[in-house]
Amino acid sequence: MITFSDIFKSNFLENVASVSVFDMLLALILAFGLGLFIFLVYKKTFSGVMYSSSFGVTLVALTMITTVVILAVTSNVVLSLGMVGALSIVRFRTAIKEPLDIAFLFWSIAVGIVLAAGMIPLAVTGSVFIGAVLLAFVNRKSYLDPYIVVLRCDGSDSEQRARTFLEGQVQRCVVKSKTAQRDDVELNMEIRMKSKDTGFVNTLAGMEGVYSAVLVSYNGDYMG
């Protein structure tokens, strides 16, 4: 029969000092700082449709939670086996709308693991390098991104004039699709602009034989 005194002799209380208070505080403070850095990089590089502040906070929390879990795992081998079993039943069903968000999630988890393992220089240096790479590649000039021009003309002659003018105004122009009907030709063309100036669209729309000219932001994925 277990007595009241046996409770205090339990191995549970022996695990209290398995991780020192200083190590816990240091790991959590560093996890918060690096998680905040990840959040700021995410906020700076976000290029989706709708910005979610809750996802940014999740990155900070995920870094700290991962650090706590790995600290517990590394302090007790038996606990690590139980933790693997417990985490294996967890299912995350939230849809990731932006592919880049997956990179930020893995970045937060990786930083938490590396910090809890005591590799502080690797966590700090790696985070700074990854952040610099993301800032350099994601925040490039927006006008270099692909755009789609939807052009409607009244025939082949006006189509040729409009295409010749457009090719002289942009860096790259590729026809993606063409629909031809009687007295109506519709072109979908992928372009790369030379600058942020979109005045050429107004000129296109005002050309003789052109019904309309539409400029649409394009993510580069094309089916067809």
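Reader: Is the crossing in which α6 passes α7 left-handed or right-handed?
Author: This is a predicted model, in which local features need pLDDT of at least 70 and side-chain atom pairs count only at pLDDT 80 or more, while totals for chains, interfaces and linings use all residues. Residues are numbered from 1 along each chain as its sequence is written, and side-chain values use heavy atoms, with hydrogens and water left out. A crossing is left-handed if the near helix is turned anticlockwise from the far one by less than a right angle, and right-handed if clockwise. For α6 passing α7, the crossing is left-handed.

Reader: At what angle do the axes of α6 and α7 cross?
Author: Helices (H or I, at least four residues) and strands (E, at least two) are DSSP runs, numbered from the N terminus. Axes are lines fitted to C-alpha atoms, for helices over the stretch in contact, and angles run from 0 to 180 degrees between N-to-C directions. The axis of α7 (residues 120-138) comes within 9 Å of that of α6, and the two cross at roughly 165°.

Reader: Are α6 and α7 roughly parallel or antiparallel to each other?
Author: Angles under 35 degrees count as roughly parallel, over 145 as roughly antiparallel, 65 to 115 as roughly perpendicular and the rest as oblique. The axes cross at roughly 165°. Therefore α6 and α7 are roughly antiparallel.

Reader: Which residues of α7 make the contact with α6?
Author: Contact means heavy atoms within 4.5 Å. On the α6 side the residues are Leu100, Phe104, Trp107, Val111, Val114 and Leu115. On the α7 side they are Ile120, Leu122, Ala123, Ser127, Ile130, Gly131, Leu134 and Val138.

Reader: How many residues of the contact of α6 with α7 are nonpolar?
Author: Ala, Val, Leu, Ile, Met, Phe, Trp, Tyr, Cys and Pro count as nonpolar, Asp, Glu, Lys and Arg as charged, and the others, Gly among them, as polar. In this contact two residues are polar and no residue is charged, and the nonpolar number 12.

Reader: How far apart are the axes of α3 and α6?
Author: Helix α3 (residues 21-45) packs on α6 (residues 99-116) at an angle of about 165°. That makes α3 roughly antiparallel to α6, and their crossing is right-handed. The distance between the axes is 10 Å.

Reader: Which residues in α6 meet α3?
Author: From α3 come Ala27, Leu30, Ala31, Leu34, Phe37, Ile38, Val41, Tyr42 and Thr45. The residues of this contact divide into 12 nonpolar, two polar and one charged. Those in α6 are Asp101, Phe104, Trp107, Ser108, Val111 and Leu115.

Reader: How many Å does α6 reach from its first C-alpha to its last?
Author: α6 has 18 residues.

Reader: Is Thr66 buried or exposed?
Author: Thr66 lies in helix α4 (residues 53-75). Beyond its neighbours within four places in sequence, it is in contact with Ile109, Gly112 and Ile113. Buried means under 20% relative accessible area, exposed over 50%, and partly exposed in between (1.4 Å probe, protein chains only). At 11% relative accessibility, Thr66 is buried.

Reader: How far apart in space are Glu186 and Cys153, C-alpha to C-alpha?
Author: Glu186 is in strand β3 (residues 184-193) and, at 28% relative accessibility, counts as partly exposed. In sequence, Glu186 and Cys153 are 33 residues apart. In space the C-alpha to C-alpha distance is 6.5 Å.

Terms used
Expected span 1.5 Å × (residues − 1).
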